[in-house]
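Dear colleague,

Here is the structure for your files. My notes on it follow below.

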Amino acid sequence: GATTVEAPMPGKILNIKVSEGQAVKFGEVVVIMEAMKMETEIVAPAAGTVASVNVSVGDAVDTGAVLVTLN
């Protein structure tokens, strides 16, 4: 993927809103993660097609972890 969607902070994956091959728009929610008892929506930084989903619901991730890649 040319564009990566990365975790802005450490947290836990609560929900994955996209699947491989799905077209997404700029600003569309791709993952919901929990950090510091708050749910945070992670959005697509650009329009594209989902190349891969690199996390599963329940995963604990660190800052900078690649959650989704877009083409």
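At 10% relative accessibility, Thr-69 counts as buried (under 20% relative accessible area; over 50% is exposed and anything in between partly exposed, with a 1.4 Å probe and protein chains only). This is a predicted model, in which local features need pLDDT of at least 70 and side-chain atom pairs count only at pLDDT 80 or more, while totals for chains, interfaces and linings use all residues. Residues are numbered from 1 along each chain as its sequence is written, and side-chain values use heavy atoms, with hydrogens and water left out.

Thr-69 lies in strand 8, residues 66-70 (strands are DSSP runs of E, at least two residues, numbered from the N terminus). Strand 8 is largely enclosed by the rest of the structure, because 4 of its 5 residues are buried. The side chain of Thr-69 makes a polar contact with the side chain of Ser-52, at 2.6 Å (a pair of N or O atoms within 3.5 Å; within protein, one must be able to donate a hydrogen and the other to accept it, and residues adjacent in sequence count only if both atoms are side-chain atoms). Ser-52 also stands opposite Thr-69 in the strand pairing.

Strand 6 (residues 48-53) runs antiparallel to strand 8, joined to it by 3 bridges (two strands pair if DSSP finds at least two bridges between them). Strand 1 (residues 3-6) is also antiparallel to strand 8, with 4 bridges, and Glu-6 stands opposite Val-66.

Another open sheet has 4 antiparallel strands in the order 5-4-2-7. Strand 5 (38-43) and strand 7 (60-61) are at its edges with a single partner strand each, so one side of each is left without a neighbour in the sheet. Strand 2 (residues 11-16) pairs with strand 4 in the antiparallel sense over 4 bridges, and Lys-12 stands opposite Glu-34 there.

The largest nonpolar core has 16 residues, and Leu-67 and Val-68 have the most contacts inside it (a core is a set of buried Ala, Val, Leu, Ile, Met, Phe, Trp, Tyr and Cys residues joined through side-chain atoms within 4.5 Å). Strand 4 (29-35) and strand 8 each supply at least two residues of this core. Leaving aside residues up to four places away in sequence, Leu-67 touches several residues, including Val-5, Ile-13, Val-31, Ile-42 and Val-61 (contact means heavy atoms within 4.5 Å).

Regards
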